[in-house]
Amino acid sequence: MAGGHFATAMRDKRARKGIGVEDSTASSLLEAVSMCDNVIKRLVMGHRRALTKSQMDVMLGLRFIGPMSMTGVSEHLAASKEQATRAVAPLVEAGYVERRRSAENYRVVEVSITEKGRRYLEQDRIEILREVDDLLSVLDEADRQRLGEASRTMREVVSKLRK
């Protein structure tokens, strides 16, 4: 399904409210991110079968979003806290991520990627980029340039939302 379950749910909710979903920036963003996420995860998972999809999602989230609370990890995975804990525990054991109690609130457990985890993700980065490039080869040059420009614009604009 193009766009994934979340994007579909949002589209249905907005449609019930009479909001023009197909034209909304939020809807387009959710669908594009979901589609890209699925393609990238498929490529990454092909190289790292030792990790589950949830574990890879945790690693990528920590790498590109930054440290998260366990609640943040469960939200990132769109899963229960128990499922997030099951995904994180083997990563901690392998030394790819670390858990620490928050200095501000001892009840909050924060998770961050370790240097070993970063190296793990970087090992196949060049190969994955080659596979993405191969995947994009079905596009003509004009579409590849448009996609590159759209990606750079999206990265630039979305980075402002994290501040």
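Glu122 comes out at 34% relative accessibility, so it counts as partly exposed. I start there because this residue takes part in a salt bridge: its partner is Arg63, and the closest N and O atoms are 3.7 Å apart. Bear in mind throughout that this is a predicted model.

Arg63 is partly exposed too, with a relative accessible area of 28%. Glu122 sits in helix 6, residues 115-123, and Arg63 in helix 3, residues 53-64, so the bridge ties together parts 59 residues apart in sequence.

How many salt bridges are there by this rule? The count comes to five. I will go through two others, both in helix 8.

One of them joins Arg146 and Asp143, at 3.1 Å from N to O. These two residues are three apart in helix 8, about one turn of the helix. Arg146 is exposed, at 61% relative accessibility, while Asp143 is partly exposed at 30%.

The other joins Glu149 and Arg152, with 3.6 Å between the closest N and O atoms. Again the spacing is three residues, about one helical turn. Glu149 has a relative accessible area of 44% and is partly exposed; Arg152, at 43%, is also partly exposed.

Now the nonpolar side. Leu29, Val33, Met154, Val158 and Leu161 form a surface patch with about 390 Å² of accessible area together. Which helices each supply at least two of its residues? They are helix 2, residues 25-47, and helix 8, residues 141-161. Helix 8 gives the largest share, three residues. Leu29 belongs to helix 2, and at 32% relative accessibility it counts as partly exposed.

Note on methods. Residues are numbered from 1 along each chain as its sequence is written. This is a predicted model: local features need pLDDT of at least 70, side-chain atom pairs count only at pLDDT 80 or more; totals for chains, interfaces and linings use all residues. Side-chain values use heavy atoms; hydrogens and water are left out. Patches are made of residues with over 30% relative accessible area and no salt bridge: like charges are joined within 9 Å, nonpolar side chains (Val, Leu, Ile, Met, Phe, Trp, Tyr) within 5 Å. Accessible areas come from the Shrake-Rupley method with a 1.4 Å probe; for residues, only the protein chains shown count as cover. A salt bridge is a side-chain nitrogen of Lys or Arg within 4 Å of a carboxyl oxygen of Asp or Glu. Helices (H or I, at least four residues) and strands (E, at least two) are DSSP runs, numbered from the N terminus. Buried means under 20% relative accessible area, exposed over 50%, partly exposed in between (1.4 Å probe, protein chains only).
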